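These are my notebook entries on one structure. I looked up the ligand shell, the helix packing, the annotated domain and a few backbone details.

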Amino acid sequence: MTMPVPPVQRSLEPLGTAVPSTVPSHWYNLAADLPEPMPPHLHPGTREPVGPDDLAPLFPQALIAQEVTAERYVEIPQTIREIYAMWRPSPLVRAERLERALGTPARIYYKYEGVSPAGSHKPNTAIAQAYYNAIEGTTTLTTETGAGQWGASLSLAGALLGLDVEVWQVRASYDSKPYRRLQMQVYGGICHSSPSDLTEAGRAILASDPDTTGSLGMAISEAVEAAAKNPKAHYSLGSVLNHVLLHQSVIGQEALVQFAEVESGAPDVIFGCAGGGSNLAGLTFPFLGQNLREGTSTRLVACEPAACPSLTQGEYRYDHGDVAGLTPLMKMHTLGKDFVPPAIHAGGLRYHGMAPMVSHAVNLGLMEAVAVEQTDAFRAGVEFARAEGIIPAPESTHAVAAAIAHARAATTDEVIVLGLSGNGVLDLPAYDEYV
Ligand SMILES: Cc1ncc(COP(=O)(O)O)c(C=O)c1O
């Protein structure tokens, strides 16, 4: 017999605890420093730029405002900073054992987001999104999840801030990663395999392809539909949108400060894995802002899977964020909304598109992109684990592989920063073929 879990009293008011000054007080918005403004998101019906009213059924006003703001800095509410302080600032670590193992003259640092309670960078935005929804009276959040990291993070945020969370998890991951579903459930989230028969979008997809492995684009359609049908529910997206990238900027802002404490000048190159683009943008955009404002020349490299290569092989054009075409049209690098990526282990990188702001930066030549084969990614993940102890999330191994390849080829003492977006302790079966 299961024991009922007693309800926890939650408040949106700050606790009043002292938050260290090393936890950022503001989010950084790259839009303020871009040499050319980003193309706007368009209404899927009229193809006119979307306005706040178009987005109101899905998002709270505060997040809609953040989506379009041109302000360089947005203040972080104290309640959110207190929660961030549970694990932030995350460490920037010199990977000296990896350097020695590679025999490289380069110095390698990694910014480790796996210290969050959920195990990745995703709570940085989950907490913020849950907070703004809760203060505007939303009681339920719906969302998609690929690897399960995002669903777990939003479930954690729901637990801390008093919201119900319903997650559609891509079938390939749902079947292969039971621990992530259990993690969501421990936090109080409800998790469905996607496509499901709970939504019109899911039923239509199942009717045409009953054996589909699912995709993030399909799961987004289901979660958006469920939110649109429930007046007390809103939808929450784990990546791609400007406000998500904004929240993730805590990563790079901390890294700027931490880097200045141990090195002079700016890093030569930064590698981050890219699914929808949020951890990459979070780490790199503050450094890109520094390039644009102060003339530093840090190279910024997006590392995507060769099996889902939106930046390196996709077209730069307007496309929907989901399969059913329910989301606004966004100008982005895309493989087409109907592209179903192979069931690679890095479930969080199986997305047909890319954040419009990352796409815009790549299009302007401000960032670069490389595609990494799955076998190379996992080999690098194992190498990293054996040198540094941390087992990287399958997504993060793509950045690890690119950084290791770069360090191996280095002939000078250049400085490399690597975004380690999460740990892989709940993804161990993915490593099975590589050990
Ligand atoms: C650990 C980890 N890294 C990276 C990603 C990719 O997402 P994004 O590109 O938005 O950072 C995910 C997505 O689920 C993830 O769980």
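**Ligand shell.** I began with the ligand, which 21 residues surround; the closest are Q149, S239, G275, G348 and G422. For this count, a residue is near a molecule or strand if its C-beta atom, placed from the backbone, lies within 6 Å of it. The model is a predicted one, in which local features need pLDDT of at least 70 and side-chain atom pairs count only at pLDDT 80 or more, while totals for chains, interfaces and linings use all residues. Residues are numbered from 1 along each chain as its sequence is written.

I then asked which elements give two or more residues to the shell around the ligand. They are α6 (149-161) and α12 (278-294), and α12 supplies the largest share, three residues. Helices (H or I, at least four residues) and strands (E, at least two) are DSSP runs, numbered from the N terminus. By class, I recorded seven nonpolar, 13 polar and one charged residues in the shell around the ligand. Here Ala, Val, Leu, Ile, Met, Phe, Trp, Tyr, Cys and Pro count as nonpolar, Asp, Glu, Lys and Arg as charged, and the others, Gly among them, as polar.

**Packing of α6.** I next followed α6 to helix α8 (residues 178-186): their axes come within 8 Å and cross at roughly 10 degrees. That makes α6 roughly parallel to α8. Axes are lines fitted to C-alpha atoms, for helices over the stretch in contact, and angles run from 0 to 180 degrees between N-to-C directions. Angles under 35 degrees count as roughly parallel, over 145 as roughly antiparallel, 65 to 115 as roughly perpendicular and the rest as oblique. On the α6 side I noted G151, A152 and S155, which meet R180, Q183 and M184 of α8; residues are in contact if their C-beta atoms, placed from the backbone, lie within 7 Å. The contact of α6 with α8 has two nonpolar, three polar and one charged residues.

**Packing of α11.** I looked up two partners of this helix. For helix α5 (residues 123-135) and helix α11 (residues 242-262), the axes come within 8 Å and cross at roughly 130 degrees. That makes α5 oblique to α11. N124, T125 and A128 of α5 make the contact with V244, H247, Q248, V250 and I251 of α11.

Helix α2 (residues 61-68) packs with α11 at an angle of about 85 degrees, their axes being 7 Å apart. The two helices, α2 and α11, are therefore roughly perpendicular to each other. In α2, L63, Q66 and E67 meet N242, H243 and L246 in α11. That contact divides into two nonpolar, three polar and one charged.

From the UniProt record (unreviewed entry) I took the feature "domain: Tryptophan synthase beta chain-like PALP" at residues 87-422. Over residues 87-422 I found 44% helix and 19% strand, with the end C-alpha atoms 13 Å apart.

**Backbone details.** I checked two cis peptide bonds. One joins R88 and P89, with omega about 0 degrees; P89 lies in the loop between α3 (78-84) and β3 (92-94). The other runs from S194 to P195, with omega near 5 degrees, and P195 lies in the loop between β7 (190-194) and α9 (200-208).

Conventions. Two residues are in contact if their C-beta atoms, placed from the backbone, lie within 7 Å. UniProt positions are given in the numbering used here, feature names are shortened, and annotations may be inferred rather than shown by experiment.
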